[in-house]
Amino acid sequence: MLWVLRFSGFFSAGMIIVVLSPSFQSFPRAEAIRSSQIDGPGFHLLQSDSHLQFSFRKAPLFGNARGCSGSLGKPGGCDPDLVHVAITLDVEYLRGSMAAVHSILQHSRCPDSFFFHFLVSDTSLDTLVASIFPNLNFKVYYFEPNIVNDLISTSVRQALQQPLNYARNYLADLLEPCVARVIYLDSDLVVVDDIVKLWSTSLGTKTIGAPEYCHANFSKYFTDVFWSNKRLSGTFSGRQPCYFNTGVMVIDLVKWRCVGYTKRIEKWMEIQKKERIYELGSLPPFLLVFGGYVSPIEHRWNQHGLGGDNVRGSCRDLHPGPVSLLHWSGSGKPWLRLDSKQPCPSDALWAPYDLYGYSS
């Protein structure tokens, strides 16, 4: 069943209307482990750095609807009929990542057609994924933090400085050469529509596709040092750049590899280290490289900003219109607010996909 959420006016708990309708070759890579073994009846335990023990429920099994293609052909994710999705996994955001996967499978007509690419800095998480989703087609890719440690500069939020935030820059190198296209998703979102619709979006001649927000003040994403230096700001000459959120992107990896966009992003990160041209983390280099060269995707595929501003406890209203993806970008995460008994109204839309809970 496909879900379409429509919102009008200002959002509040009583105003939600939910409508149902019909290469770096030297990178060490960890192979995916698909296993149905779990600890206990439907739970797998994880010991976190905070020494609190958590448990994940085993997700329901999702099968293909009538008319979907048969079993997977080529091993390793090289089947041309597969839909490829890349998400990062780490302990801090693991709960969000599992909810995102759960939501994708629940709203898909052909869940067996998905192949998930998990980017990790801790290879011990693969067995946990396999225990939660025993039939999931996936592979984990180890991302070496030292690749970007010397390129990362301080940001307005420490969370934005984590090396794994920059793994999206290296998808073309990490994923197998046979993977020609991928959907990249952040870990703090849920999908409430069949993501095949996003996958099938035409990028035309562009390398990436994303919802654009041209009404946003683009200049605020860069410092005065950047705008006062014509050598730097001149990069936007002849372009009409718009803000886009890098948490939801469709990427043509063939074109990315051909042009060598990873090196272009790294170059801007090197300039940032020397001249401080922006304050945010991994977003501005994407704006510098792709601003004005993005294939626009419907806004319904990134209802972002639900995490609120950089103010503790702040909540954001939903924008009016249809919604296919809800994104808790910002400082507040729904699982933390729900646990603290201080949720925002929108957090109730994330909760049904949560597979996480405290063990006794």
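Reader: Why are H9 and H10 called oblique to each other?

Author: Their axes, H9 being residues 261-275 and H10 residues 283-290, come within 9 Å and cross at roughly 120 degrees. Angles under 35 degrees count as roughly parallel, over 145 as roughly antiparallel, 65 to 115 as roughly perpendicular and the rest as oblique. H9 and H10 are therefore oblique. Axes here are lines fitted to C-alpha atoms, for helices over the stretch in contact, with angles from 0 to 180 degrees between N-to-C directions. Helices (H or I, at least four residues) and strands (E, at least two) are DSSP runs, numbered from the N terminus.

A word on the source: this is a predicted model, where local features need pLDDT of at least 70, side-chain atom pairs count only at pLDDT 80 or more, and totals for chains, interfaces and linings use all residues. Residues are numbered from 1 along each chain as its sequence is written, and side-chain values use heavy atoms, with hydrogens and water left out.

Reader: Which residues make the contact between H9 and H10?

Author: On H9 you'll find Tyr261, Arg264, Ile265, Trp268 and Met269, and on H10 Pro285, Phe286, Leu288, Val289 and Phe290. Contact means heavy atoms within 4.5 Å. Sorted by type, the residues of this contact give nine nonpolar, no polar and one charged. For that count, Ala, Val, Leu, Ile, Met, Phe, Trp, Tyr, Cys and Pro are nonpolar, Asp, Glu, Lys and Arg are charged, and the others, Gly among them, are polar.

Reader: What makes H10 largely enclosed by the rest of the structure?

Author: Buried means under 20% relative accessible area, exposed over 50%, partly exposed in between (1.4 Å probe, protein chains only). Eight of the eight residues of H10 are buried, so the helix is largely enclosed. Among them are Leu283, Pro284 and Leu287. After H10 comes Gly292, with a positive phi near 90 degrees.

Reader: Why does Thr223 count as buried?

Author: Thr223 has 12% relative accessibility, so it counts as buried. You'll find Thr223 in the loop between strand S11 (212-213) and helix H6 (224-228). Leaving out residues up to four places away in sequence, Thr223 touches Arg276, Ile277, Tyr278 and Glu279.

Reader: And why does Asn135 count as partly exposed?

Author: Its relative accessibility is 47%, so Asn135 counts as partly exposed. Asn135 sits in the loop between helix H2 (126-132) and S7. Its C-alpha atom is separated by 8.4 Å from that of Asp112, 23 residues apart along the chain.

Reader: What makes S7 an edge strand?

Author: S7 (138-142) pairs on one side only, as does the other edge strand, S14 (294-296). Two strands pair if DSSP finds at least two bridges between them. The open sheet has seven strands in the order S7-S6-S5-S8-S13-S10-S14, with mixed pairing. On average, neighbouring strands are turned by 25 degrees against each other, direction ignored.

Reader: How do you know that S7 is mostly covered?

Author: Five of its five residues are buried. Phe138, Val140 and Tyr142 point one way from S7, Lys139 and Tyr141 the other way, and all are buried.

Reader: How do you know that S5 and S6 pair?

Author: S5 (residues 83-89) and S6 (residues 114-120) share seven bridges, in the parallel sense. Val85 stands opposite Phe116 there. Helix H1 (residues 94-106) lies across S5, S6 and strand S8 (181-185), running at about 165 degrees to S5.
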